[in-house]
Amino acid sequence: MRLFRSEEHIDRAVAGGIPRGETFSVRQCWTLAQHWFADRLSPTWRRRTIDEAHEIFAASGLTRPFWRLSPG
Amino acid sequence: MTTGASGRFDAILRLRILHGFLDEERPTVASMAEALRVPVEEVAAGFDRLASSRAIVLDPDTRDIRMAAPFAGRPTDFHVTIEGRQYDANCIWDAMGISGMLGGVNAEIETRCGDCDEPLYLTVRDREIIGEPAVVHFAVPAARWWDDIGFT
């Protein structure tokens, strides 16, 4: 996951060979990062279930099929 | 994560690894064995279990920590400065995650545009993120992140 100066810069990178994925805002990423890592220093931390991960994605507005995890 | 005695040890080891990164170290089997005062073989087995549960990612050749999200175990293009301490993150999500993990503390994030390679700067202040205009791009669908966790 990378930061780009603008959508035009993403278009150029895709033309240069990186896969076209999903674009979202810096603020959405910040919301995602806060939720995702909030408990990382907890002694009882465990890897999230897929449903728990999907809830966090949804709270950041990331609900499209691109954000669906698979078991594994 | 495993259960029982090894599960408890792994939980302690995982936390010690993260705190090592917070102290600007690059934790290794040897440094963790010394910090926890246990044999290196025990720590090496713990590293393998943590890697199996995807709590960390090991370099396949050296068995050094490549990722202990949000931290990177080697230099990257995602630099984070918090209270004068400098960290490398694995991606822009993880770069923000270092501050997020610490409750949204003030942080400076420096990375490069994935297209033109020019520097881009973001700042966390009072739990808000500010900075020059930029957008985040995820190249790989979530279901395939672990095909190559080094490229998402």
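Strands here are DSSP runs of type E with at least two residues, numbered from the N terminus. Keep in mind that this is a predicted model.

**Exercise 1.** Find where A:Phe24 lies and decide whether A:Phe24 is buried or exposed.

*Solution.* Start with the location: A:Phe24 sits in strand E2 of chain A. Next, take the cut-off, since buried means under 20% relative accessible area. A:Phe24 has a relative accessible area of 4%, so A:Phe24 is buried. Finally, look at the surroundings: leaving out residues up to four places away in sequence, A:Phe24 touches A:Met1, A:Cys29, A:Leu62, A:Trp67, B:Val135, B:Val136 and B:Phe138.

**Exercise 2.** Work out which strands of chain A pair with strand E9 of chain B, and in which sense.

*Solution.* Begin with strand E1 (residues 2-4) of chain A, which pairs with E9(B) in the antiparallel sense over 3 bridges. Within this pair, A:Arg2 has B:His137 as its bridge partner. Then turn to strand E2 (residues 22-25) of chain A, which is antiparallel to E9(B) and joined to it by 4 bridges. Here A:Thr23 is opposite B:His137.

**Exercise 3.** Sort the residues of strand E9 (residues 135-138) of chain B by the way they point.

Note on methods. Residues are numbered from 1 along each chain as its sequence is written. Chains are lettered from A and ligands numbered from 1 in the order in which they are written. This is a predicted model: local features need pLDDT of at least 70, side-chain atom pairs count only at pLDDT 80 or more; totals for chains, interfaces and linings use all residues. Side-chain values use heavy atoms; hydrogens and water are left out. Buried means under 20% relative accessible area, exposed over 50%, partly exposed in between (1.4 Å probe, protein chains only). Two strands pair if DSSP finds at least two bridges between them. Contact means heavy atoms within 4.5 Å.
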